[in-house]
Amino acid sequence: MASPPPKKVLVPIANGTEPIEVVNTIGFLRRAGADVTVASAEKDLRVEACWGIKIVADALVSDCTDSSFDLISVPGGMPGSATLRDCGALESIVKKQAEKGGLYAAICAAPAVALGSWGLLKGLKATCHPSFMEKLPSEAIKVESRVQVDGRVVTSRGPGTSMEFSLALVEQLYGKEKADKVAGPMVMRLHHGAEFSMTELNSIEWKFTNTPQILVPIANGSDDMEAVMIIDILCRAKANVIVASVEDKLEIVGSRNVKLVADMLLDEAVKLQYDLIVLPGGPGGAQAFSTSEKLVDLLKKQAKSKKLYGAICASPAMVLEPHGLLKGKKATAYPTMCNKLSDPSECENRVVVDGNLITSRGPGTCEEFALAIVEKLFGRQNALNLAKTLVFI
């Protein structure tokens with residue numbers, strides 16, 4: 001018997017869109033098997049999302065007007081939400097979706113700015129980013145849920161709720177069993193309380209002069225969710241983040257086929273000095289990192305000079321361990337990779353800091369990982385403030 005065709009999903013983006021919300025939605029839905037089209041509401045496929053993160057869409061919104069979708073999910077961010085609201089082609093697509101009883105969703109500013117403006121929340125329970133709650137239309141029933149499902153509409157609060165939001169979308173499309181199957185390997189938090197924590201050993205002060213200079217390498221196969229969350233959160237904290245491609249061109253294709261554009265090639269990036277180097281995971285990306293002599297050499301110099309470095313998911317096991325960068329250190333890694341660590345004693349911990357090294361487990365721990373970096377660099381109160389802004393807590 002032939003398999004049913006994949007569910008078709010539209011995720012529109014624009015300049016000023018929240019990148020965490022975009023990549024988490026895409027990542028979860030593609031993991032579930034959905035056929036996701038990322039569509040630009042700008043004149044070009046390449047979009048500059050918030051915090052300078054550059055994403056290349058699959059199509060223009062105007063190319064999608066005659067297509068049918070099982071779900072349309074509108075990300076937030078400003079001015080991205082306003083641009084999406086003012087895109088006549090997108091408004092028409094979403095209104096047709098609503099008229100036929102199709103599933104549609106929005107997060108962060110977008111429930112108020114886009115769906116509300118289009119009259120698509122009448123009589124429905126809806127939530128949005130705390131700073132936009134007053135802008136929800138009076139005909140909507142305002143709730144402060146992290147994720148709200150009412151009939152065929154799903155709304156949510158912000159970057160820090162985007163994993164829960166994305167998982168809810170998977171459940172709406174495929175059912176609870178598939179949602180649980182997708183969530184399992186993500187190493188997501190079970191409860192969203194007021195605290196996030198890290199396990200710290202051999203505590204030292206993380207020092208830097210002026211603004212911390214941070215290198216985030218990316219490669220084909222890098223986990224796009226981890227890469228974007230790290231870049232986004234560290235940029236929000238006012239660090240100077242340089243995204244460098246280890247490939248021979250700036251554009252890379254992540255593990256879930258999100259197309260990201262680096263700031264520079266690694267050849268140029270290695271000429272600079274960094275307070276911190278952070279490696280996202282993804283087996284394909286980690287393999288590319290491990291075979292890059294220039295990156296490995298840079299990491300070894302960073303470690304030798306007692307400067308800061310870190311990795312998440314596959315990268316602790318596939319990059320740091322084989323090149324001797326975990327010698328005498330405690331670390332964690334993606335659960336199925338922990339057997340590759342010479343010392344797996346801290347593997348059950350979600351974020352581990354050992355002196356100048358920080359490691360973490362996977363996509364579902366990435367926000368905690370990035371916030372732990374913010375805490376070590378800028379102090380716990382700054383990390384807590386940022387966590388609240390993200391609606392992580």
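The following legends describe close-up views of a predicted model.

**View 1. The disulfide between Cys-338 and Cys-347**.
The sulfur atoms of Cys-338 and Cys-347 are joined in a disulfide, with an S to S distance of 2.4 Å. By the rule applied, the count for the model comes to 1 disulfide. The torsion about the S-S bond of this pair is about -105°, so the disulfide is left-handed. Both partners are enclosed: Cys-338 counts as buried at 8% relative accessibility, and Cys-347 is buried with a relative accessible area of 4%.

**View 2. Cys-87 and its closest cysteine sulfur**.
The cysteine sulfur closest to that of Cys-87 belongs to Cys-64. The two sulfur atoms are 9.8 Å apart, which is too far for a bond. Cys-87 is buried, and its relative accessible area is 13%.

**View 3. Cys-313 and its closest cysteine sulfur**.
For Cys-313, the closest cysteine sulfur is found in Cys-366. The separation of 9.1 Å is too far for a bond. Cys-313 counts as buried, at 7% relative accessibility.

**View 4. Helix 5, residues 162-174**.
Helix 5 comprises 13 residues and reaches 18 Å from its first C-alpha to its last, close to the 18 Å expected at 1.5 Å a residue. Of its 13 residues, 10 are buried, so helix 5 is largely enclosed by the rest of the structure. The buried set begins with Ser-162, Met-163, Glu-164, Phe-165 and Ser-166, and continues with Leu-167, Ala-168, Leu-169, Val-170 and Leu-173. Just after helix 5, Gly-175 adopts a positive phi of about 105°.

**View 5. Lysine side chains over aromatic rings**.
The charged end of Lys-178 sits over the ring of Tyr-174, at 4.7 Å from the ring's centre. In another such arrangement, Lys-8 lies over the face of Phe-69, 5.8 Å from the ring centre. As for pairs between aromatic rings, the count by the rule applied comes to 1.

Not counting residues up to four places away in sequence, Leu-320 touches the leucines Leu-279, Leu-325, Leu-326 and Leu-357, together with Tyr-309, Ala-311, Ser-315 and Thr-359. The C-alpha atoms of Leu-320 and Phe-289 are separated by 9.7 Å, and these two residues are 31 residues apart along the chain.

Conventions: Residues are numbered from 1 along each chain as its sequence is written. This is a predicted model: local features need pLDDT of at least 70, side-chain atom pairs count only at pLDDT 80 or more; totals for chains, interfaces and linings use all residues. Side-chain values use heavy atoms; hydrogens and water are left out. Contact means heavy atoms within 4.5 Å. Helices (H or I, at least four residues) and strands (E, at least two) are DSSP runs, numbered from the N terminus. The expected span of a helix is 1.5 Å times one less than its number of residues. Buried means under 20% relative accessible area, exposed over 50%, partly exposed in between (1.4 Å probe, protein chains only). Rings of Phe, Tyr and Trp (its six-membered ring) pair if their centres lie within 6.5 Å; planes under 30 degrees apart count as stacked, over 60 as edge-to-face and the rest as tilted. A charge sits over a ring if NZ of Lys or CZ of Arg is within 6 Å of the ring centre and within 35 degrees of the ring normal. A disulfide is a pair of cysteine sulfur atoms within 2.5 Å.
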